[in-house]
Amino acid sequence: MPISDKTIKGNKLLNMVFKEFQKEKETISLIPSENIMSDLATKMYCSKSNNRYVIPIKIEDKFFMPGRESLGNIITLLEEKLCSIYKTKYTIVKSLSGLHQMDIIMSAMRKTTSNIITLDKFHGGHSKTRNIAMKYGFSISHIKLDFDTWDVDYVELKKIIKQWKGEKALIYIDHTITVNPLNIEKLLKIVPSNWIIYYDISHLQLFYFSHIFNFPTHKNFFFGGTTHKTFPGPQKAIILLNNKRLYTTINKEFEKTISSIHTGSLLALLITVIEMEKFGVKYAKNIISKTRYFAKLLSDELRLVGPLPHFTNTHQICIDVPNIIDVTKKLASVGIITMPERTLSGKKQKGLRLGIQEQCRLGITKKDLSILSGIIISCVNNKKINKNTKNKVRALAKKLNSVHYVIH
């Protein structure tokens with residue numbers, strides 16, 4: 001029997017769920033690691049296919065899931081599209097999340113080298129990278145950023161290269177605070193040719209997908225990351241490579257632990273790939289343009305941290321805020337969800353890290369950003385917040401409720 005309205009209203013657990021739905025309609029997320037899927041991608045994600053297994057079964061020297069060949073073909077189509085778009089020979093779409101992918105890559109690469117170089121967590125590196133490297137027994141060194149250029153500190157890197165002269169190493173860059181893309185071409189020229197570099201582009205995925213940013217083609221370089229930040233797909237991760245041996249090594253590591261590859265997320269990703277093939281360049285340029293505009297508004301009264309002259313070359317904005325916990329709570333109280341950071345630029349400098357990629361997906365305008373910047377400035381500067389402030393945020397949130405850059 002269907003659940004009646006009266007039953008729903010009397011069920012505390014369901015009420016909590018429905019309150020969360022309502023809250024989403026009244027708040028603005030400025031989390032740089034979130035985005036929103038289109039209705040079509042969401043339907044694919046929530047379809048019956050999400051509960052279906054597509055396990056490669058070998059029959060007469062061919063791999064397929066009897067009766068589910070169409071789903072298998074769709075996944076193959078996704079892989080072919082990704083290789084074509086990113087201009088790589090191979091792709092792996094088996095990752096269930098970014099950290100799952102990190103774990104598998106390090107497990108696979110440990111068979112090749114015992115040395116790993118990661119990005120220092122106080123210089124924008126992911127907080128979990130060192131932990132997973134330690135889990136697999138790597139000898140760990142850290143590279144840092146040069147905060148004049150917001151690129152790799154090559155003085156420090158050359159010291160590590162000299163220290164490990166004659167040895168093979170993996171450079172694993174998981175870039176969390178990404179107000180500027182790293183110059184991978186320069187990095188490849190500096191490191192020994194037998195070293196392998198992996199660059200996690202989770203935060204910058206859309207910009208590389210749409211070729212706003214580009215990578216060189218090298219066999220000792222591969223990249224990948226999650227598909228739900230600037231790229232507005234499902235929570236998932238992908239890997240792109242040009243080296244067959246490297247592809248085989250990592251793919252075999254996935255096969256040890258993966259059976260179901262979560263078909264619904266792959267179908268949702270395929271829909272998002274098709275959408276971004278058509279609209280990705282426009283969306284990416286809109287994000288960068290409006291993020292810089294937003295940064296300019298905020299910098300008039302707040303101290304921003306990032307590359308000059310715009311303070312950002314991506315979707316992220318970093319603001320130096322000493323009383324970060326109080327400010328985060330105050331912003332949340334008026335309906336603005338933000339992300340506090342323990343460090344912004346190599347020091348114990350706490351602050352806010354914002355991203356407007358989701359709001360650009362929802363059609364935010366420069367006028368809206370002007371209103372939003374005024375509210376954030378007031379909260380950071382500890383000015384009194386009244387009911388009118390909450391109403392402004394609620395009105396903005398209700399206006400920004402239609403997903404743009406979609407296939408109709």
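Residues are numbered from 1 along each chain as its sequence is written. Local features in this predicted model need pLDDT of at least 70, side-chain atom pairs count only at pLDDT 80 or more, and totals for chains, interfaces and linings use all residues, while side-chain values use heavy atoms, with hydrogens and water left out.

**Stop 1: helices 4 and 11**

Select residues 69–86, helix 4, and residues 263–299, helix 11. Helices (H or I, at least four residues) and strands (E, at least two) are DSSP runs, numbered from the N terminus. The two helices pack at an angle of about 40°, with their axes 10 Å apart. Helix 4 is therefore oblique to helix 11. Axes are lines fitted to C-alpha atoms, for helices over the stretch in contact, and angles run from 0 to 180 degrees between N-to-C directions; under 35 degrees counts as roughly parallel, over 145 as roughly antiparallel, 65 to 115 as roughly perpendicular and the rest as oblique.

Next, show the contact (heavy atoms within 4.5 Å). Its residues include Leu71, Ile74 and Lys81 of helix 4 and Thr263, Leu266 and Glu277 of helix 11. By class, the contact of helix 4 with helix 11 divides into 13 nonpolar, one polar and two charged residues. Here Ala, Val, Leu, Ile, Met, Phe, Trp, Tyr, Cys and Pro count as nonpolar, Asp, Glu, Lys and Arg as charged, and the others, Gly among them, as polar.

**Stop 2: helices 11 and 14**

Among the contact residues are Tyr293 and Phe294 of helix 11, and Leu369 and Ile376 of helix 14. The contact of helix 11 with helix 14 holds eight nonpolar, two polar and two charged residues.

**Stop 3: helices 12 and 14**

Now select residues 324–334, helix 12, beside residues 366–380, helix 14; the packing angle is about 135° and the axes are 9 Å apart. Helix 12 is thus oblique to helix 14. Val327, Lys330, Leu331 and Val334 of helix 12 meet Ile375, Ile376, Cys379 and Val380 of helix 14.

**Stop 4: the largest pocket**

Finally, select Glu24, Lys25, Ile36, Glu358 and Leu362, which lie nearest the centre of the largest pocket among its 31 lining residues. Helix 2 gives the most to this lining, with five residues. The lining comprises 13 nonpolar, nine polar and nine charged residues. A pocket is an open set of points on a 1 Å grid over the protein atoms alone, where a 1.4 Å probe fits, with protein on both sides within 12 Å along at least five of seven lines; lining residues have an atom within 4 Å of a point.
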